[in-house]
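How do helices pack, and what do they bury?

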Amino acid sequence: MKWIYNNYEFENRINNLSWTISGKYDEDIHASEKDYTSKEVALYFAIMAGARHKYINWDIVKKYLVSRVKKGYDLSIISNLIQISLNRVVESRIIEERPGIEDVREKAYKDVVSGFTKIYNEDVLQKVKYALVLEGMGKHPTLDGLSRRIINNIKEIDINQSIIEMLKSIDLIYLNYFQQILNGKEDTAEKSQEYADNTEIDFDTFANFMYEELYNDEENQSIENEINEIASSILVESIGESEIEQSHQSSDRIIYVDEETLDKIYKKMEHYYGKSYLTKSEIKKIETRNCRNVHEGCRIHFTEGVLRSECSNIVQIKYVTRQKENNISKFRDKIKIHKRNIVKLKDSISRILIEESERSRIYSDCGTVYANRAWRASKSNNKKIFYKDVENEKGKYVIDILLDSSGSQSRNQANVATQAYIIARALTMVGIPNRVIGFSSFMDYTILKRFKNYEDNVDSSENIFEYFCAGNNRDGLAIKSTCEGLLKRNEENKILIVLSDGRPNDVKIGKDRERSIRGEMAYRGVVGVRDAANEVRKARQNGILVLGVFTGKETDLEAERLIYGKDFIYTKDIERFSDIVSMYLKKIIRN
């Protein structure tokens, strides 16, 4: 029986392996986001994920693909050629540098292929893919002449040349073997070779596509999706269909396990994330109230993290310590600018609060006599010779900052931590109670990690640098559970600021015996967006002012708009987070 390799410590290891291979520690590489059938497959994917970032400039590949589709190239054929050719280049170069990876590849290929119930073998490129995978397993497949000729041409691509030169070779293969097929010519090996001998490319103008401007239209988006798929998968995945894929499709990302395994997962939660600051009975009550409908069967873990909670997991403590040090290091790179921004934000909020707290004097026909106007009583029709001093009735403020800590935010990790620190420190210096929470999910658990509580002092804001990203995100449950604590506050003005990428996405697990009686839907797409939108609407109905700060892709803007309505702000630059919050608070306080 196949199993899904899903171990948190191992996730950290393979992510670190990808970054080590690539040497690009600031790039967005998520080798642990996929579930694989064995440790060997997961390791090989991590190696290839790092190697693809190291050896291939995907922006250039995207521009090339866009230009070729505009010229009439078949998107499916040219995309498959790119995948096959660049996979071979990346594999060859990483094995050349680290020969031991060849054994890892062979084991990974064998493991994946053994799980396939169907091998795709309908067209020539599917045959080429399967043949290359078999060769990677140490076998010698028998092929027809056309498939063998294409493979030979792919292998002739110089793995050490520039990406432009590689794309020239891919372009030539396309024109040699596929252009005449699309034009209705017979696809025999002999005719392909005859056509190849007469095919020429104007290499002087080939790289002109580099200077073409890319537009964010629907066609370009489909091409970007193709490139993302190529850049985030291994070739062997595309050659067949497995029972695991069919199982995942039918369960819609709901994984069923036996009760013993489920109990082990629950017991490991404190080991990975630190002991909860709430008692079991308190957590049970919260889960009973909040884990309903689409969240039925989910659990919530309230923690302050492994560094400030009881935790025996030395590996995780070291990992989080390293992440904190990285975040602080990035903060110190621009420490003068950040300190200036803290003072600027503090002074700005203080000034507004002082202005709004001043008494307003209103003249009326009753109240306290204003001596300078007393003469109007007999000399004028204006009888407003009295005044009243009106106190500011807006009341006090309390603010929650909820940070998406899922793996999709890892590219912004240090910047998010810095901006949240600036905001929390400034608010605390002004005297506005604030709480900072990171949310992510691991299996059935939504993890709410509290970096700073309402009554904590200014220096406790440094705990925010413990922020790191991993796992999925169940936005609706995180918002609902956070608002429950916020509503208990006595301040008149309650504000929730949510930083996210606008893409609720979580995996659900359940017990085997529940499989036949529970009809569950995956927490993603329409289901996740609708649930998060419902929780935002409920929060506003309860008097909480909710602002969504969106840091994701433009293609997800509509989802963010559905969740937060008109009160959301889209920013491509996460370093503007504190400025956005400042403008929003000014608007709220003044209105």
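A crossing of two helices is called left-handed if the near helix is turned anticlockwise from the far one by less than a right angle, and right-handed if it is turned clockwise. This model is predicted. Start with helix H6 (residues 124-136) and helix H7 (residues 145-155). Their axes come within 9 Å and cross at roughly 60°. The crossing of H6 and H7 is right-handed. Which residues meet there? From H6 come Val 124, Lys 127, Val 128, Ala 131, Leu 132 and Glu 135. From H7 come Leu 146, Ser 147, Arg 148, Ile 150, Ile 151, Ile 154 and Lys 155. Eight residues of this contact are nonpolar, one is polar and four are charged.

Move on to helix H15 (residues 314-333). Its 20 residues should span 28 Å at 1.5 Å a residue, and its end C-alpha atoms are 29 Å apart, so the two values agree. Asn 313 caps the N-terminal end of H15. A side-chain oxygen of Asn 313 lies 3.3 Å from the backbone nitrogen of Val 315. Now check which parts are buried. Within H15, the buried residues include Gln 316, Tyr 319, Val 320 and Gln 323. Asn 327, Ile 328 and Phe 331 are buried too. An α-helix has 3.6 residues a turn, so residues three or four places apart point the same way.

Finish with helix H20 (residues 525-541). H20 has 17 residues and reaches 24 Å from its first C-alpha to its last, close to the 24 Å expected. Its buried residues include Val 527, Asp 531, Glu 535 and Ala 539. What covers the buried residues of H20? The cover includes helix H19 (475-486), strand S14 (523-524), strand S15 (544-550) and helix H21 (557-564). After H20 comes Gly 543, with a positive phi near 95°.

Terms used. Residues are numbered from 1 along each chain as its sequence is written. This is a predicted model: local features need pLDDT of at least 70, side-chain atom pairs count only at pLDDT 80 or more; totals for chains, interfaces and linings use all residues. Side-chain values use heavy atoms; hydrogens and water are left out. Helices (H or I, at least four residues) and strands (E, at least two) are DSSP runs, numbered from the N terminus. The expected span of a helix is 1.5 Å times one less than its number of residues. Buried means under 20% relative accessible area, exposed over 50%, partly exposed in between (1.4 Å probe, protein chains only). A polar contact is a pair of N or O atoms within 3.5 Å; within protein, one must be able to donate a hydrogen and the other to accept it, and residues adjacent in sequence count only if both atoms are side-chain atoms. Axes are lines fitted to C-alpha atoms, for helices over the stretch in contact, and angles run from 0 to 180 degrees between N-to-C directions. Contact means heavy atoms within 4.5 Å. Ala, Val, Leu, Ile, Met, Phe, Trp, Tyr, Cys and Pro count as nonpolar, Asp, Glu, Lys and Arg as charged, and the others, Gly among them, as polar.
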